[in-house]
Amino acid sequence: MTFISPWFLGGLCVLFVLYYTLPKRAQWPLLLLASLGFYALAGWAVLAAMLVTVAVSYGVAMHMGKLKIAQKAHVAQHRDAMTRDERKAYNAAQKRQQRTWLIAGLLFNFSLLAGVKIAEALARVEIIPSMIFFVGISYYMFRISGYLIDVFWGKVEVQRNPLKLALFTIFFPYAMIGPISRYNNVADSLLGEKRMDWDMFGRGLQRIIWGFFKVMIIGFRLLLAINHLRAYPGEYSGMFAFFTMLVWGAYLYADFSGAIDISIGIAMCFGIRVEENFVSPFRARDIFDYWRRWHITMGTWFRDYVFYPMSVAKPLQKLPTRLKIHIATLVTWFTTGIWHGVAWNFIVWGLANGVVIMISQELKPLYAKFNAKFSFTKSKAYTCFAVLRTFLLLTLIRSFDIYFDVPLTFRHFASFITNPQFGAFFRYFGENDVWFDLAPLEWLVAGLAVVVLIAVPWFRREARGDAPAKRPPAIFWALLVLAIFIFGTYGLGFDMQYFFYMQF
Amino acid sequence: MKRILSIILAFVFFCTAFWAMQRLLMPKYMTNPFEGALTAEYYQSNFAHDLIIIGSCEVYSNISPVVLWEEYGVPAFIRGNPQQLLWHSRAMLEDTLRHETPRAVLLSIQALMYPSPPHDGEPYNRMVFDGMRLSLPMLRSVRESMTPEESMLSYVFPLLRFHSRWQEISREDFTFFLRRAPVSINGFVMRADVLPVGWIPPPAMLSDYSFGQQAIDALYDILAITQEHGVELILFKAPSLMPHWHDEWDAWVVDFAARHNLPYFNAITMTDTIDHQYHTFNGGLNLNLAGAERLTRYLAPWLMDNAPSLSDRRGDPALDAHWQQLATQYRAWQAAQEAEIAETGRVYYSILLRNALS
Amino acid sequence: MEKLLELLNELYPDVDFATYDARRDGPLIQSLEMVELITEIEQRFDIEFPPSVMGDPEHFYSAAAIWALIERLEDE
């Protein structure tokens, strides 16, 4: 089940009414029920695996919590009798015991997920409508694992109600595509009682509409061209491949960030604030900046739970600091890649990010000197150059996921130089009435929608956290919804030809 | 307060614009395939019909309501669409009964041969249901006819189906934005030209001559509905050469008619009356104007004999005046088509459009 | 505190840490520099940084915030 379904939207309306009319203490159970239903429709196997995960994680977290309480009580009781070293040794021993539990819990969860994925691959029961949904079913693992580690670190209170923990794990708006919420960020608003806040509700609806605009007018439309372009990878090399990479970037952003807008919007309608996941990623000035703007919750998740722990891990402490950082960076990005899928293209994608980040890190002092020496680096034009450079670099890195074929992607990179096909590329548009399976008018619509995307500032500002005082007028939303209905890519295409050749 | 007002205004604007865009983007069916406009034309009629004729192209170009009125005094309306299947026909009947209760229904049973919705049936579904007023029976029939990729919602809001037509908006869409022009006379699609029968594919041997359950169920539904409303049901098979109507099928219908005491008129055997060298415009599939008038003159006396509910209604001033108008239009269309045939040998869609615009 | 300011000034000579506040002045360091900073602090103060605090920006907004964290960790 996807967001783009009349059943989903209809169900959502019913849910909103129930949510704000039932007694407030029924709010979170209602959301849990809805989430269970949502996942049940996605497939019983996934739901069952998830519930087992929640149950096991609940047990592990409760046990770690008990150990922590006992530890604290012991230290408090014997505070005067223990020397600092004794106390440290005691705490370390306790920590080891808790760590064993944590690792056991994580291992169990991950093996279960791997089992389900393998079983599904063998049975081929899963229909993958888009890459995003493929990644989606393991997002709950990010959330529950983050929670377990947070409990181990003592960052969050242990959740004593297993059902509340279940709701945090499978809350349906962010279930499929994220954002990857952290327990300490969302628990209060997710599990608390909410009054109807019309302003927030309205902004939630606007966010949903904005998401649909991105997904249906830009995303799905460009996907048609992408599917055509990647169906003939041998033919479309050189400029064609570069064009494909650009379109892929626009598609991925529209599809992914649009879906996230819908998630965030739905959560807002329930009075729940979840984390932002995109903040104008194509305005990034360098790759560090980019990863603070694109799929933010994934980036911070890997930073906090993989990169930082690794960088202060005991076995690495003897190494020089810079080497330590590089190793941690590479491992982190390797893990990030492999999480997307056990396939070469994801691994290469992850490592490519890691390598570029390492090189950029080493070049940082050089850049700093360069920037200090030349004043033009403070000009707007230079900023534009930096943004463009980052955009192109990330476009190349991102392209590993277009073809699911690493050698082919490298061949395409090479073809930019060896055989760019400039002439053929520009002739193509003159010689064909349909450009890569999309009529010129369709490209025009996609292009205009992208212009609207860039020109409309309200959501960028909201994502950055400075909610604008002046909001778009109601008529803007009416027009946007109308545009989605007319220019959205959905349903059966109308083909007069089809009618013409019919024989009665 | 100001905010609420602006929200209300935006909502009203949205509904109006949505309606207007839907109106604009829906195919107008004024040129090929103009048959899509047939369903909606019923609502322009006077809802005073003794006989409702329901079926596919086997009825809508084969029976002339004007001849039926002028010579036998039976006010009739044809509710037919291309490839109208039996569950479509049931929806047509139910839709008709919401507006009037005719004395009799003449049902073409040819569609019994289609057991289930064809996988490419979407355009036919659209032509049947586009223009039909929304009702529960209609939606039920939509559900039974839909191909897997269609959605019910697109029949409630056709914009969902036709939104991608924004690229091919033409003058036709603006000209007929509010009012459509008639493409039929009481559901009768007139074709005055001749395309004689050519090669007819030999009938295929079937391993199983039984009808599909969905079609049979729809037939029983129709029987029940007519009985409930006190409407006489008459079964009919047109004299089409294609698709072949097997004797085994006919035997089933004869048996069904006998069991339920229904009159059944099979026109296939009328080879002495209908000559497919002259009386068809598409090689034996359907009758042309001359053929339709012939068939009507043959069918009508049988109807008067076998359907006791029908009688000669001529002399009723309101009906006389109404049918006078229809007959005038009928003759005008006929003259226009004959003029074009004299010039080009065929009736082209342009003349049909000119008919429609007249 | 003196020792910390000394260290910070060594790493970032251009910044006045007596008044610096990331919430007002914008972030100074990102995740990679964070590791450098923490490694230095760990060596000079002989404490262990749990990874759990590294993701929380509120511990690193200013020199005073970092100092408070160091004191807490020393006490554990």
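This is a predicted model: local features need pLDDT of at least 70, side-chain atom pairs count only at pLDDT 80 or more; totals for chains, interfaces and linings use all residues.
How many helices and strands are there in chain C? There are four helices and zero strands, with helices (H or I, at least four residues) and strands (E, at least two) taken as DSSP runs numbered from the N terminus.

## Ground rules

Residues are numbered from 1 along each chain as its sequence is written, while chains are lettered from A and ligands numbered from 1 in the order in which they are written.

## Chain C on its own

Read along the sequence, chain C goes α-α-α-α. Its C-alpha trace spans about 30 × 25 × 20 Å along the principal axes. The radius of gyration of chain C is 11 Å, which agrees with the value near 11 Å for a compact globule of 76 residues; this radius is taken over C-alpha atoms, and the globule rule is 2.2 Å times the number of residues to the power 0.38.

Of those 76 residues, 20% count as buried, i.e. 20 or more other C-beta atoms lie within 10 Å of the residue's own, with C-beta atoms placed from the backbone. As for contacts (C-beta atoms, placed from the backbone, within 7 Å), take those in chain C between residues at least 6 apart in sequence: 57% of them join residues at least 24 apart.

## Who touches whom

Two pairs of chains are in contact, and chains A and B share the most contacts. Here 22 residues of chain A meet 28 residues of chain B. On the chain A side, the elements giving two or more residues are α22 (474–487) and α23 (496–500), and α22(A) gives the most, with eight residues. That side of chain A has 20 nonpolar, two polar and no charged residues. For these classes, Ala, Val, Leu, Ile, Met, Phe, Trp, Tyr, Cys and Pro count as nonpolar, Asp, Glu, Lys and Arg as charged, and the others, Gly among them, as polar.

Chain C puts 14 residues in contact with 14 residues of chain A. The chain C side of that contact splits into seven nonpolar, five polar and two charged residues. Chains B and C do not touch, and their nearest C-alpha atoms are 35 Å apart.

## Two helix pairs in chain A

First up are α14 (residues 321–340) and α15 (residues 344–373) of chain A, whose axes come within 7 Å and cross at roughly 155 degrees. That makes α14(A) roughly antiparallel to α15(A) (angles over 145 degrees count that way). Axes are lines fitted to C-alpha atoms, for helices over the stretch in contact, and angles run from 0 to 180 degrees between N-to-C directions. The crossing is right-handed, meaning the near helix is turned clockwise from the far one by less than a right angle. Residues in the contact include Trp333(A) and Phe334(A) of α14(A), and Trp349(A) and Leu351(A) of α15(A). By class, this contact has 10 nonpolar, eight polar and no charged residues.

Next, α2 (residues 27–42) and α7 (residues 162–170) of chain A pack at about 55 degrees, with axes 9 Å apart. That makes α2(A) oblique to α7(A), oblique being whatever is left after under 35 (roughly parallel), over 145 (roughly antiparallel) and 65 to 115 degrees (roughly perpendicular). The crossing of α2(A) and α7(A) is left-handed, with the near helix turned anticlockwise instead. Among the residues making the contact are Trp28(A) and Tyr39(A) of α2(A), and Lys164(A) and Ile170(A) of α7(A). The contact of α2(A) with α7(A) divides into eight nonpolar, one polar and one charged residue.

Methods. A residue is buried if 20 or more other C-beta atoms lie within 10 Å of its own, exposed if 12 or fewer, and partly exposed in between; C-beta atoms are placed from the backbone.
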